[in-house]
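I opened my notebook to get to know a new structure. Come along and keep the picture in view while I look things up.

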Amino acid sequence: MTTDARTLPLLDERQMLAELRALRSRQPVEYWAFYSSQLKGIVTDPALMVLPFDDHIVHRGHGIFDTAAIVAGKIYDLDAHLDRFLLSADRSKLRLPGSREQMRDIIIQTTAASGRRDGSIRYWLSSGPGSLELTPARGAEPGFFVMIFAGLSYPERWYTEGLRVMTTTYPIKAPLYAITKATNYLPNVLMQMQAKEAGFDNGVFIDENGNVGESSNMNVAFVTRKGVLVHPKFDHILSGCTSLRLLELARAQPDRAAIAGVEVRDVAVAEARASREMLLLGSSIKVAPIIQWDEQVIGDGKPGPVSRALLQLLEDDMRSSDRLIPVPY
C-alpha cells in the first residue's frame, strides 16, 4: 500500500505506543517477558520489547544469540548454552555486559518474571547502538537481551511420519561463521525457503569436500547399516548443545539408544544416503526422523527405532538430569 508522503502523521508517544500494541495484536506472538540491559529491567508487554534501530545487531548483524528450554519450572542445560554463548562472543569480538554469573542470574530472573513453567529462553548480545557505521560506535555499551517465549513448534507429522529434505544449492557457511551462533542466518533462511518452495520440509548443506554439513537451524545425524550413530564433525558446523548431549547419553546408554556405537567424523554424502536412519537434532525440534533426502528414500521410508529411542532419552534427561536449574517463581 502506498501513502502520499505529505499525509504521513507525526506520531507522539501515546500514538506510537498505540501503533506498537496494534501491531502486536495482529500477530500471534507468545512473548511473556523481555529483559533489556538498555532498559535496565524487564517488561511483559510485547509492544515494549524493542531495540534501537541503530543497534549494531539490527543494521549490521553484529550480534550473537543462544537458547535454553524451560521444562516444568526448571531451565534445562543452561550452562552448556552459556559456554557456547561466551565462545561466540569472543569470536565476534563482542564485549560482555557483565560476568557470566550475572548474565546467568538475569536469565533466571527473567524466566521467573514470566511466570511460565514451560517454554523457551532466547538471549542475545550486541555491540550496542550509536551510529550506522560498519564498526561499532565509539563508546557503545554492549546490549544484553533475554526473551521468554513459547518456543518454535513443528508439525506432529514430522515425528509420526518423518520429514523430507533436499540438498540446498546455497553454499555452506565458512567454518568461522558456521561455528559461531551469530544473528546472521541469511544462508539458513534461504535454504529453508528454497526447500519449502520445492515441496520439502528442510534442506541440508554439503561442504566443498562432499561431506554432510548441517540443516537450517538443526544438526543432522545418521544410523549406519551396522547400527552406529554417526554425526558430522563440529569443526565446520555449529556445535549443537542437543547433539553433544545426545551423543553423550547414547555413549553412556547404547542399549537404551538402540545403537551399536557412536562416531563423530566426516560423513560422505553417499554413505549418508545409504544410512538406516537419518535424524534432525536441535533444541527446538529435539529429535525428528528424516525419511527422504532428495529422491532417495532413507531406510524403509518410515521413522526408525533410534529416532524414537533418542527422543525418549532426551525427554527423560530434560526432566530428571543434573542439568536442571530451579526457577524461583
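Before starting, I noted that contact means heavy atoms within 4.5 Å. I also wrote down that this is a predicted model.

**Entry 1: Glu30.** I asked myself which residues Glu30 touches, not counting residues up to four places away in sequence. I found Ile148, Phe149 and Ala150. Glu30 sits in the loop between α1 and β1 (31-36). I then compared Glu30 with Asp55: they are 25 residues apart in sequence, and their C-alpha atoms are 24 Å apart in space.

**Entry 2: helix α1.** I checked the span of α1, residues 13-25. Its 13 residues should span 18 Å at 1.5 Å a residue, and the end C-alpha atoms are 18 Å apart, so the two agree. At the start of α1, I saw a side-chain oxygen of Asp12 within 3.2 Å of the backbone nitrogen of Arg14.

**Entry 3: α8 and α11.** How are these two helices, residues 241-252 and 305-320, packed? I noted an angle of about 100° and axes 10 Å apart. The helices are therefore roughly perpendicular to each other, since angles from 65 to 115 degrees get that label. From α8, Thr242, Arg245, Leu246, Leu249 and Ala250 take part, and they meet Leu310, Leu313, Leu314 and Asp317 of α11. I sorted the residues of this contact into six nonpolar, one polar and two charged.

Definitions and conventions
Residues numbered from 1 in each chain as written. Predicted model: local features only at pLDDT ≥ 70, side-chain atom pairs only at ≥ 80, totals over all residues. Heavy atoms only, no water. Helix = DSSP H or I, 4+ residues; strand = E, 2+ residues; numbered from the N terminus. Expected span 1.5 Å × (residues − 1). Polar contact = N/O pair within 3.5 Å; in protein donor to acceptor, adjacent residues only side chain to side chain. Axes fitted to C-alpha atoms, helices over the stretch in contact; angles between N-to-C directions. Parallel < 35°, antiparallel > 145°, perpendicular 65-115°, else oblique. Nonpolar A, V, L, I, M, F, W, Y, C, P; charged D, E, K, R; others polar.
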